[in-house]
Amino acid sequence: MVVPESQEKMYYPPVELQRNAHVPDFNSYLVMYKKSLENPEAFWREVADEFFWKKPATGPMLQHNFDMTKGNIFVNCMEGAKTNMCYNVLDRHVKEGKLGEKVAYYWEGNSPDHHMTITYRQLLSHVCRCANVLKQMGVKRGDRVSIYLPMIPELIVTMLACARIGAVHSIVVRKVTFNHPMPRDKGQDKVLCVYGVYRGEKLINLKQISDEALEKCREKLLLVMGLSPWNMNPKMYKSCIKSIIQDMQVSSQRDVWWDEVMRDSPDECEPEWMDAEDPLFILYTSGSTGKPKGVVHTVAGYLLYTSLTFRYVFDHHPDDVYWCTADIGWITGHSYITYGPLANGATSVLFEGLPVHPHVGRFWEIIEKYKVTKFYTAPTAIRLAEHQILGTVGEPINPEAWRWYHEVVGQGRCPVVDTFWQTETGGHVLTPLPAATPLKPGSATFPFFGVEPAILNEHGEELEGVTEGYLVFRKPWPGIMRTIYKNQELFENTYFRKFPGFYVTGDGCRRDKDGYYWITGRIDDMLNVSGHLMSTAEVEAALMLHQSVSEAAVVSRPHKVKGECLYCFVTLKDSKEFNCKLVEDLKRLVREKIGPIATPDFIQNAPALPKTRSGKIMRRILRQIARNEKDLGDLSTLADPKVVEVLFNQRSEAAA
């Protein structure tokens, strides 16, 4: 494999960042990492000692079986312990840590005129009120609660209220169209919370969408979230969504108004003390590799892991202001907007809106307004203002985008924390630590504490040194998923059958001469061209070096002679023209950077790429377009299904 020379440049942590860092240098990381593998009992017990346990653990910190030939797959963390997630992220700070008046969230609405400040004490009060409302409506420990809300404080309040009373929340990701949310498991919902909201200039009637979805549910109990965020003038907010109020069909037997039930609800609610392995939430995967799966995460392990990864990966300190731009409906929002930051007593920005509304400088404006010091976003983030640490998540970031992010956005002095993880992992598993890890553009660098990666070949043989193959993990960490909801068989077959004894990520990976890990994309995206194995990610990175290309996606297409060939989709920058000369230039660029064997057979103009609502490119769809297969299966998680039709129409114009 040819690695572009520019990728080998090291970017070292700023000295001023190392002075007060939790992990101040690479040697410190190595010592801590060694302890986390060789003595995980002591390592994780130290983390657990920071939290409140109604009953201490009676068993080991971690027990597991990853080998299907030896029995059922399982992971147990802190067996015998009892605790409550909500108590640990709120009460512990307000009652024990004296952080009651500290800001938990700066909420910034769709319009710059809509904003509020929420302290830890206020948040705890509203969570208790909501918990009591849920109990009055019949929600009990173990019941499943689906939540369908935009990025408003009520979303976090409802999540934590569920955690407080032992209910299992399942957040339905919003779409910015009037399509239905992703398919749910029938009969799972006890309460469905809905809202009406503007997204940019677009009015989204979530009430209407939810009413239609409820026709398929057994439970007809619906909590309609009131149309005025607390601490905001109700008339001001209702004027923004007047048409929703006029058109809303309210059922007196089923629909309950948030404002009314919260007003008289007591602001004290005793937590339900949960077993360590009780489920905390169900979250459906993005569906980038097929039908979404209901991933189950549990209380104690998820608490430990999200708390520690947040603190170390973002090097969080009490005076930081942190902003993650993800939607809470994705795992990034669960782990690094709600649970991880709150477990650390952090101050966060919560944003309901679009980065380009009402102007393209909205991100700049918000960062300046709240003096954000730690910023976590997708690789496609727009230019931002001053901050200290930059984080990326979602698609693997290509080296050119990494350098732009580091040099233009971060002005060459902010570490770029390029994290690799999944809904299933619960938190970061491969990631730099900002003050400790020398960075290479595009590399996820090294494993987080307690995570032991390996690279296997197709036969399950472990590969050492400089190599490329299947990324797997040898043992669990506290925050790893426990099962797929109502489908343990699918859980075991998906993640453990291919290589017994390992958790299979489904991603390809290479390790370089310095031991750095590079994610090469989903295993389905590996190509075998005339016996040469290559990743789509390296071809995409080469295409992105061309000044006319803003985005690229590469998939395989069957070839009579070579077995497989490369079919490339390229999205051009504004005003750039797709023509034969550009196609030849792109082919030449790939040949120069990787080698003749990687020369694309087809290059197609793609005005846009099919993506999930979390921003992941659905290469499964692209492969079917490349092969002209019209039966596309489940498209429920596509952000914009119309993109598919456009690509099919332009397919015949692909230049070979």
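Ten bridges link β28 to strand β29 (residues 563-572), and the two run antiparallel. Here strands pair if DSSP finds at least two bridges between them. Strands are DSSP runs of E with at least two residues, helices are runs of H or I with at least four residues, and both are numbered from the N terminus. Val555 has Tyr567 in β29 as its bridge partner.

The open sheet has three strands in the order β28-β29-β30, with mixed pairing. Its edge strands, each pairing on one side only, are β28 (549-559) and β30 (602-605). On average, neighbouring strands of this sheet are turned by 25° against each other, direction ignored. Helix α16 (residues 536-543) lies across β28 and β29 and runs at about 140° to β28. Axes are lines fitted to C-alpha atoms, for helices over the stretch in contact, and angles run from 0 to 180 degrees between N-to-C directions.

## Model and chain

This is a predicted model: local features need pLDDT of at least 70, side-chain atom pairs count only at pLDDT 80 or more, and totals for chains, interfaces and linings use all residues. Residues are numbered from 1 along each chain as its sequence is written, and side-chain values use heavy atoms, with hydrogens and water left out.

The chain has 19 helices and 30 strands. Of its 656 residues, 62% count as buried (under 20% relative accessible area, 1.4 Å probe, protein chains only). Take contacts (heavy atoms within 4.5 Å) between residues at least 6 apart in sequence: 70% join residues at least 24 apart.

## Sheet β21-β22-β24-β25

This open sheet has four strands, ordered β21-β22-β24-β25, with antiparallel pairing. β21 (453-456) and β25 (517-522) are the edge strands, each pairing on one side only. The twist averages 45° from one strand to the next.

Strand β24 (residues 503-511) and β25 run antiparallel, joined by five bridges. Arg510 stands opposite Trp518 in β25.

## Helices α4 and α5

The axes of α4 (residues 85-96) and α5 (residues 120-136) come within 9 Å and cross at roughly 130°.

On the α4 side, the contact is made by Cys86, Val89, Leu90, Asp91, His93, Val94 and Lys95. On the α5 side, Tyr120, Arg121, Leu123, Leu124 and Val127 make it. The residues of this contact divide into eight nonpolar, one polar and three charged. Ala, Val, Leu, Ile, Met, Phe, Trp, Tyr, Cys and Pro count as nonpolar, Asp, Glu, Lys and Arg as charged, and the others, Gly among them, as polar.

Methods: Buried means under 20% relative accessible area, exposed over 50%, partly exposed in between (1.4 Å probe, protein chains only).
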